[in-house]
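Okay, thanks everyone for coming.

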Amino acid sequence: MHSDEQQIRQLVSTWMAATKTGDVETVLSLMADDAVFLIAGRPPMRKADFAAAARAQARGDAPAFDGTSDIQEIRVIGDWAFLWQKLTVTAVAPDGAAPVTRAGHTLTIFERQNGKWVLARDANMLAPIEK
């Protein structure tokens, strides 16, 4: 496995771990300043929107998150890379409501900035999973 691929895999692993522990600042540090998230049925979300929502959630009674990532492919082309993965995320509300699980695929584009890979674009195609 090439160093770039290893670094991108580590970024995904760090992202998942930071999300699980509610470490918003670590997640934000893994994004480009102009990051854009595309989610079906919603307008594009930029990094500032993501940050505001994540910080607001972290201040209140935030749900606990857990998830798994199964990377299917990583391609590196110069200072750009993409991956697609199977992703499952479960959110558990602190009020005891039933957990909500979403699963599906994501297509993520990374950019190397100052020698470090960061998430630049993410198309999230997760759908609710009925239990």
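I'll start with the sheet and then move on to the salt bridges.

So, this one is a predicted model, keep that in mind. What we've got is an open sheet of 6 strands, with mixed pairing and the order 2-1-6-5-4-3. At the edges sit strand 2, residues 45–46, and strand 3, residues 64–77, and each of them pairs on one side only. Strand 3 goes antiparallel with strand 4, residues 80–92, over 13 bridges.

Now helix 1, residues 3–21. Helix 1 lies across strands 1, 3, 4, 5 and 6, and its angle to strand 3 is about 165°.

Take Asp 4 with Arg 112, at 2.6 Å from N to O. Arg 112 counts as partly exposed because its relative accessibility is 23%.

Next, Arg 55 and Glu 25, with their closest N and O atoms 2.9 Å apart. Here helix 3 is linked to helix 2, 30 residues apart. Arg 55 comes out at 35% relative accessibility, so partly exposed, and Glu 25 at 45%, so partly exposed too.

Then there's Asp 34 with Arg 121, where the closest N and O atoms are 3.8 Å apart. That one connects strand 1 and strand 6, 87 residues apart. And one last thing: through shared partners, Asp 4, Asp 79 and Arg 112 join into one salt-bridge network.

Notes
Residues are numbered from 1 along each chain as its sequence is written. This is a predicted model: local features need pLDDT of at least 70, side-chain atom pairs count only at pLDDT 80 or more; totals for chains, interfaces and linings use all residues. Side-chain values use heavy atoms; hydrogens and water are left out. Two strands pair if DSSP finds at least two bridges between them. Helices (H or I, at least four residues) and strands (E, at least two) are DSSP runs, numbered from the N terminus. Contact means heavy atoms within 4.5 Å. Axes are lines fitted to C-alpha atoms, for helices over the stretch in contact, and angles run from 0 to 180 degrees between N-to-C directions. A salt bridge is a side-chain nitrogen of Lys or Arg within 4 Å of a carboxyl oxygen of Asp or Glu. Buried means under 20% relative accessible area, exposed over 50%, partly exposed in between (1.4 Å probe, protein chains only).
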